[in-house]
Amino acid sequence: MEKTNHSKVTEFIILGFSEFPEIQLLLFLLFLIIYLMSLTGNLLIIFTVCFDSHLHSPMFFFLSNLSFLEICYVTVTVPKLLAVLIAQNKTISFMMCMTQMYLFLFGTGTEIYLLTAMAYDRFVAICNPLHYTITMNRNVCITLASVSWMFGFLDPVPHVTFMSQSSFCSSNEINHFFCDITALMTLSCSETSIIEIINYIEGPFIGFTPLILTIISYVYIISAILKIHSAKGRQKAFSTCSSHLTVVLLFYGTSIGVYMRPKSAFSMDLNKLLTLVYITAIPLLNPFIYSLRNKELKGSVWKATRKVQNWFSF
């Protein structure tokens, strides 16, 4: 196949779900509802945590950071998907494609570190409760959150740099619903093994090190919970971390499936399905998972919802 320099590729065509032409409108309505619900749920959590003084604690501080990140996630990818579905506006410039890819990877890396910081917070709260307020003071929380965002900002740089310098073949059609790096790798005429090598070198440090730290935290957490004599005490302790554990399993289950598979085992259909869960389901479910499993947050969210309704009633 004839190779062309990447500078000649000025735009890409995002195919989205073109294999289902008869349900494009239905998909548009589905993703629009998911997008609006994700925005509403996560904004409500941020609003509730900010204005309810009872929720000014490390756990809810990290949760508000996570909710803001989820809003960024869906806003980076879903609006363009909606345009592809309803207006058939499938083109995206080369620069915008690289920017979208960077922002998505930035969100992925940041979420990894935020989830690890939240695991550490739960570890201190359950395993060392007497020193919790001292250990997880304001400066520590701000530092952990800042480092998470900073590392997330830096992680995608080598991937996007090498991909932006790649050459692309005659086809500029991205068989995905956004500029995903795995989809662009299949279009590249250049050698993409260096990006795969970066993934496997960075993986143990960026992906698996936080995951191992999270697992270690939960080993200690579960051990501490099992030492609690009363069943009610064990249930109360576990309820404070069950939401986070659910999100961790959902996040790592999909992200490992998407990004830690070799190119020889790559399936675009499976990739699109896993990424769809990764991008839409997680931001949608996070507010429900945390609010339904945490009575304190659930009550505060209900009060905040009533306040918002009262404002709009005037």
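Let me start with the nonpolar patch on the surface: Phe 208, Ile 212, Leu 213, Ile 216, Tyr 220 and Ile 256, with about 530 Å² of accessible area together. A patch here takes residues with over 30% relative accessible area and no salt bridge, and joins nonpolar side chains within 5 Å; a salt bridge is a Lys or Arg side-chain nitrogen within 4 Å of an Asp or Glu carboxyl oxygen. Areas are Shrake-Rupley values with a 1.4 Å probe, and for residues only the protein chains shown count as cover. Helix α8, residues 193-226, gives the most to this patch, five residues, and Tyr 220 sits in that helix.

The model is predicted, with local features needing pLDDT of at least 70 and side-chain atom pairs 80 or more, while totals for chains, interfaces and linings use all residues. Numbering starts from 1 along each chain as its sequence is written, and side-chain values use heavy atoms, without hydrogens and water.

Now the sheet. The protein chain has 11 helices and five strands, taken as DSSP runs (helices H or I, at least four residues; strands E, at least two) and numbered from the N terminus. Three strands form an open, mixed sheet in the order β3-β2-β5; pairing requires at least two DSSP bridges. The edge strands are β3 (91-93) and β5 (173-174), each pairing on one side only. Strand β2, residues 11-14, runs antiparallel to β3, with three bridges between them, and Glu 11 stands opposite Ser 93.

Last, burial: 50% of the 314 residues are buried, that is, under 20% relative accessible area with a 1.4 Å probe, protein chains only.

How values were computed. Patch = residues over 30% accessible without salt bridge, like charges linked within 9 Å, V, L, I, M, F, W, Y side chains within 5 Å.
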